[in-house]
Structure formats: structure tokens, C-alpha cells
Amino acid sequence: MHQERQQSNFIKLLVAPSLRKTFITSGVILTGVGIYEFYFPIYAKSINLSASMIGIIISCNTIAYILSRLLMNPLLMKFKGEVILGGCLSISAIAFFLIPLFDSPFLLIVISFVMGLGLGCCQPLSIVMAYSHSPQGRTGEVLGIRLTINKSVQFLVPIIFGSVGSLLGFFPVFWSNAILFLFSGYSLFEKKSKPSNSKYFWNR
């Protein structure tokens, strides 16, 4: 009986509208991270960039991650976490759309840097969303479900998109992810729920 109650409570958390959006958004973010880490080096090699240049481009993406974390507090002081997350998803979507259109190392550095700013904000903000929408006393369960979904995505993305890429090429891989990001970003700009306590969570 106790086990059935726990299973029922788990399902309620999984299908609750606000949490469902949080879990899906978190999965989409990890999909983007996985595609960039897995596919960008392959794409860069296909356009004859050297290993050192590929490393420089990816390093610029990582530097942007660090800078985005430094900008987090000032942004949260002015905007709601969901608004920032929606904007960052949209910025990352544009970057994913542009990547397969260019073979210039300089332009790819700029695009990867911009993507890093977006994705760097997305990951911690998805944790803020999960915390803010958690029922009282069940934050650990919600964060555990989020982590499980993220790990599943990290396992499945290379398999699924690797098959798609081998059949259809780079454009569908990057552009399908851009569409996912745009849709997720747009959903966060829709009707908002009551204000969350994300600022408190980020600063404590």
C-alpha cells in the first residue's frame, strides 16, 4: 500500500503541468548541449577545420558559459527566471540555426560564443524552475526526476541524432534542435504562473 502511494505521488509530480514543462525544458536544454558537444566537432572536421581551431571554438563556447554565470544575478534582479530562460533558449536556437550555414572559423567562434551565453544560463535556470515549482517538502524528488530525465537524454541524444545525421546530414540535426529550442522558449513567454522564489534560491 505504501509503495502504491509512493508510485501515485511520483506520477502526480511527473504529470503536474508546471513541473511537466520544467522537465521537458530541462530535457531540451540537455539535448542542445549534447548535440553541440557531439556534433559540432564532426561538422567542423567536415569543413576542414584543424583540430586546434576546433579546440579554440569550443573553448570560446566554454568561456561564454563562465561569463553567463557571472551575469545571472544581475539578470535575476530585473527579470523573472522563466523570462530569462525563454530568451536564452531563443538565443541558443538562433545559434543552432546558423552553425551549418557557415564555414568561417571567425563566424563560428562568434556563433559558439553566443550559444555558450544562452546555454550557460539555461542549465542553472532550469534548476531554479524545478525548485520554484516543487510542492513543499518534495524538492528532492522533483530534482531527482529532473536528473533522471537529463541522464536519459544524455544517453539517447547521440544515438538518435547520430542516426539522423548519418542519413540526412548536418542541417536537419542542428535545425531540428533550433526548432525545439524556439518552441520551448516560446512556451515560457506564455501566460505566467504566480511569481516564484527563484531569486531567493539563486542567492542563498
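**Entry 1: the order of elements**

I read along the sequence and noted the pattern α-α-α-α-α-α-α-α. I then looked up the totals: eight helices and zero strands. I reminded myself that this is a predicted model.

**Entry 2: the chain as a whole**

How much of the chain counts as buried? I found 41% of its 204 residues in that class. The chain exposes about 11000 Å². Carbon and sulfur atoms supply 69% of that area.

Residues 24 or more positions apart account for 84% of them.

**Entry 3: helix H5**

I picked helix H5, which runs over residues 105–132. It has 28 residues. From its first C-alpha to its last I noted 40 Å, close to the 40 Å expected at 1.5 Å a residue.

Where does H5 have a kink? I found it at Gln-123, and its angle is about 25°.

**Entry 4: Ser-112**

I stayed in helix H5 and looked up Ser-112. Is Ser-112 buried or exposed? Its relative accessibility is 0%, so I wrote it down as buried; the cut-off for that class is under 20%.

Which residues does Ser-112 touch, leaving out those up to four places away in sequence? I listed Tyr-36, Phe-40, Ile-57 and Asn-61.

**Entry 5: aromatic rings**

I turned to the aromatic side chains. A search of the whole structure gave eight aromatic pairs. I took Phe-171 and Trp-175 for a closer look. Their ring centres are 5.1 Å apart, and their planes stand at 85°. An angle over 60 degrees counts as edge-to-face, so this pair is edge-to-face.

Where do these two residues sit? Both are in helix H7, residues 170–189. They are four residues apart, so about one helical turn separates them. I recalled the rule behind this. An α-helix has 3.6 residues a turn, so residues three or four places apart point the same way.

I checked how exposed the two residues are. Phe-171 has 37% relative accessibility and counts as partly exposed. Trp-175 has a relative accessible area of 30% and is partly exposed.

**Entry 6: a cluster**

Last, I looked up an aromatic cluster. Which residues form it? I noted Phe-38, Tyr-39, Tyr-43, Phe-96, Phe-174 and Phe-181.

Note on methods
Residues are numbered from 1 along each chain as its sequence is written. This is a predicted model: local features need pLDDT of at least 70, side-chain atom pairs count only at pLDDT 80 or more; totals for chains, interfaces and linings use all residues. Side-chain values use heavy atoms; hydrogens and water are left out. Buried means under 20% relative accessible area, exposed over 50%, partly exposed in between (1.4 Å probe, protein chains only). Contact means heavy atoms within 4.5 Å. Accessible areas come from the Shrake-Rupley method with a 1.4 Å probe; for residues, only the protein chains shown count as cover. Rings of Phe, Tyr and Trp (its six-membered ring) pair if their centres lie within 6.5 Å; planes under 30 degrees apart count as stacked, over 60 as edge-to-face and the rest as tilted. The expected span of a helix is 1.5 Å times one less than its number of residues. The bend at a residue is the angle between axes fitted to the seven residues ending there and the seven starting there.
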